[in-house]
Amino acid sequence: MDNFSTYQGALDIFSRVNCISERENCIIGAIVDFSKSSEFTASMIGNAFGPAGWLVGDVIGKERDLRTSRIYEYLFVLFNFTEVGVGIMPLKGGGLKLNPEKQSPDYDGFIFYYYQELSNITAKNYYGIRKSVKAITITLINGKKLHFNANMAEKTMPYQESGMTYFVSRYQK
């Protein structure tokens, strides 16, 4: 079983999909931000406006999901930021936080974006004040946005802190 609890294990996972670089591999784990998905939009509008709101919210949310990615099918991901692009490895399995014992990579769901396909990558403090969690947004040239949240440190992934420190130094807004 693939285990991303060590940097080498995470590197091995990305090497299976040819997403490693000789010079730069910044591997971090993140949580997919579901507040940007159709289900969340439908429930928020539905709770406010009843059954008609559920229908309207579902349409609005699905429209937004079509503009984003199927990454919202997952709860957790691993990133590898290389010098040519970003690899996103979805993690299947349960739990409330990143846990290599409960989650495994979904190689069929792997996505790679070259930097030429991206218009922006940003990292901001969560809700503008919480420095230990970063809100990450990846914007594609076509306007699609992918939203994630990442802790600066993860107990089960010791390499997270060094990866996030490097990532934040490049993309913090």
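How many of the 7 residues of strand E1 (residues 26–32) are buried? The count is 6, and E1 is thus described as mostly covered. Buried denotes under 20% relative accessible area, exposed over 50%, and partly exposed the range in between, with a 1.4 Å probe and protein chains only. Strands (E, at least two residues) and helices (H or I, at least four) are DSSP runs numbered from the N terminus.

The model is predicted: local features need pLDDT of at least 70, side-chain atom pairs count only at pLDDT 80 or more, and totals for chains, interfaces and linings use all residues. Residues are numbered from 1 along each chain as its sequence is written, and side-chain values use heavy atoms, with hydrogens and water left out.

E1 pairs with two strands; pairing requires at least two bridges found by DSSP. Strand E2 (residues 76–81) runs antiparallel to E1 and is joined to it by 6 bridges. Here Ile27 stands opposite Asn80. Strand E8 (residues 145–151) is also antiparallel to E1, with 2 bridges. In this pairing Ile31 faces Asn149.

Asn80 lies in E2. Asn80 counts as buried because its relative accessibility is 0%. Its side chain makes polar contacts, defined as N or O atom pairs within 3.5 Å; within protein, one atom must be able to donate a hydrogen and the other to accept it, and residues adjacent in sequence count only if both atoms are side-chain atoms. The side chain of Asn80 reaches the backbone oxygen of Cys19 at 2.7 Å and the backbone nitrogen of Cys26 at 3.3 Å. Beyond four places in sequence, Asn80 touches residues including Phe14, Ile27 and Val86, where contact means heavy atoms within 4.5 Å.

A nonpolar core is a set of buried Ala, Val, Leu, Ile, Met, Phe, Trp, Tyr and Cys residues joined through side-chain atoms within 4.5 Å. The largest has 27 residues, of which Phe79, Ile88, Ile138, Phe148 and Phe167 touch the most other members. Elements supplying at least two residues each include E1, E2, E8 and helix H3 (160–171). Another core, of 16 residues, lies apart and includes Leu78 and Met157. Beyond four places in sequence, Phe167 is in contact with Cys26 and Ile28, among others.

Asp33 sits in the loop between E1 and helix H2 (38–67). Asp33 is buried because its relative accessible area is 15%. Its C-alpha atom is 4.8 Å from that of Phe148, 115 residues away along the chain. Contacts of Asp33 beyond four places in sequence are Tyr72, His147, Phe148 and Asn149.
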